[in-house]
Amino acid sequence: MSQTAGRSWRRLPHLLAGCGLMLALGAVLSAQGRGFALPQQGFESTAQNPATYAPQEAAAVAVILKWIDTTNNHDTPGHMALVDNNAAYRGDPLEPLRRGAQGYCAAFGFVGSRAWFGLNELYVVGGPSDTLVLIRRTDINSPYNGAGALGGYPVPLAVMLRVQNGKVVEWYDMPTNKVSIGALPNRPPVGGQQNIPERCRPYPASGGSAPAAAASSSATPLEPARTYGTNKPEYWFNPFEESAAQTVRAFFAARQAGNPLLLGAFVNQNVGFRPDPASDLIRGRDNLLKNMCGYIGGRLDLTDLYVVGGDYDTAVIARWTAYNAAGARIPMGSFFRVQNGQIVEWMDTALNGTGPAAAANPNAAACQTVNTALTPPAAPAGGPRGGGPAPGGGRAGGPPPGN
């Protein structure tokens, strides 16, 4: 037998194994089409079919696709036409939450640069009043030029966007690996005064009127890429996504049980949270428990859970239903950011514009539990213990010397 023939025979088992894997995967995918589901831990949906989007969800997805196309076309007027004048924005989790179209334009520098990005995954949870969109994208910040930094390096991110009435009202980038500011060995300062480039100055700093119609970009439009996923069974979550999904499930379970201390076990001590999108960012687990204790407990249904993450940050959006005292359904959406099995950011939003399931009750049993847990223990009566000197020269806990 020739050496070539021998090598071919030695490769045959590997080729057969590869063919077997392809056939098995094809059988699974074919079975999926007939209603077979890959195993998953939770009972909520982790995959979407765009054909069944609610009208508001379909409209929001169309806005986000234009948001991406105008970015890659470097079309500032077209891009800013999609952004609300009082949009909330943050380019990295360590940056402060700011508002206003002018600052957004400055912070979202891709439109005015040579950068571009690709869309990998997209999930949406929405209703008539608010829609949350979670995407995974990959950035190429600029061509490689030998100068270091991120030129030519693919940067994976999770992105949370909120859309209302055809406009982006919130943009929030979260690098999923360690290119985030928070993961750098020497963190650059963040939160200072923004540098507003000239192309952004026509837009309002916060609220106000939109600028006069600007000339359309002369750039040659790129062919939109539509090769993104909307269906990711839990079986294919990476380990960080699986951990985050379990943490968020535990958060909802403790919330439904009305157990604030158990809920707090899944929350980072320095968590940032907003009870609703209009709120400013509040810090601290104690503050979160004080805020939530008055209305947790009672029935809720977690129906959708979508996860995008990596070894540094993982973002989750959820669709769930709250119920008021009369049993009325209140569609809700939530956003979470999770690191190392702990929630480091949380926000709720009412998808139909209605309020929370019930008015907060500061005297609820859960609030009493929180207040007790957060109250420092009282000093023991009678002064310090342990044999130290006591007033008058004697010793605490025993007779004076000489008796």
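## The disulfide of Cys293 and Cys367

Cys293 and Cys367 form a disulfide (a pair of cysteine sulfur atoms within 2.5 Å), and their sulfur atoms lie 2.0 Å apart. Cys293 sits in the loop between α7 (285-292) and β9 (300-309), while Cys367 belongs to helix α8 (residues 365-374), so this pair ties together parts that are 74 residues apart in sequence. The link of Cys293 and Cys367 is right-handed, with 95° about the S-S bond. Both Cys293 and Cys367 are buried, where buried means under 20% relative accessible area, exposed means over 50%, and partly exposed is in between (1.4 Å probe, protein chains only).

A word on the model itself: it is predicted, with local features needing pLDDT of at least 70 and side-chain atom pairs counting only at pLDDT 80 or more, while totals for chains, interfaces and linings use all residues. Residues are numbered from 1 along each chain as its sequence is written, and side-chain values use heavy atoms, with hydrogens and water left out.

Cys105 is part of helix α4 (residues 101-107) and Cys200 lies in the loop between β6 (167-175) and α5 (239-257), so the pair ties together parts that are 95 residues apart in sequence. The torsion about the S-S bond of Cys105 and Cys200 is about -70°, so this disulfide is left-handed. Both of these cysteines, Cys105 and Cys200, are buried.

## The protein as a whole

Now for the wider view. The protein has eight helices and 12 strands; helices (H or I, at least four residues) and strands (E, at least two) are DSSP runs, numbered from the N terminus. Buried residues make up 41% of the 403 residues. The protein exposes about 20,400 Å², and carbon and sulfur atoms supply 56% of that area, computed by the Shrake-Rupley method with a 1.4 Å probe.

Contact means heavy atoms within 4.5 Å. Among contacts between residues at least 6 apart in sequence, 65% join residues at least 24 apart.

## A six-stranded sheet

An open sheet of six strands runs in the order β2-β1-β6-β5-β4-β3, with mixed pairing. The edge strands are β2 (98-99) and β3, each pairing on one side only; two strands pair if DSSP finds at least two bridges between them. Eight bridges join strand β5 (residues 154-164) to β6, and these two run antiparallel. Val163 has Val168 in β6 as its bridge partner.

Helix α2 (residues 55-72) packs on the sheet, touching β3, β4 (131-140), β5 and β6. The direction of α2 makes about 165° with that of β3, using axes fitted as lines to C-alpha atoms (for helices over the stretch in contact) and angles from 0 to 180 degrees between N-to-C directions.

Is Leu122 buried or exposed? Leu122, which lies in strand β3 (residues 116-126), is buried, with a relative accessible area of 0%.

Ser279 is found in the loop between β7 (267-274) and β8 (282-283). Ser279 is buried too, with a relative accessible area of 16%, and touches Leu97, Arg99 and Arg274, not counting residues up to four places away in sequence.
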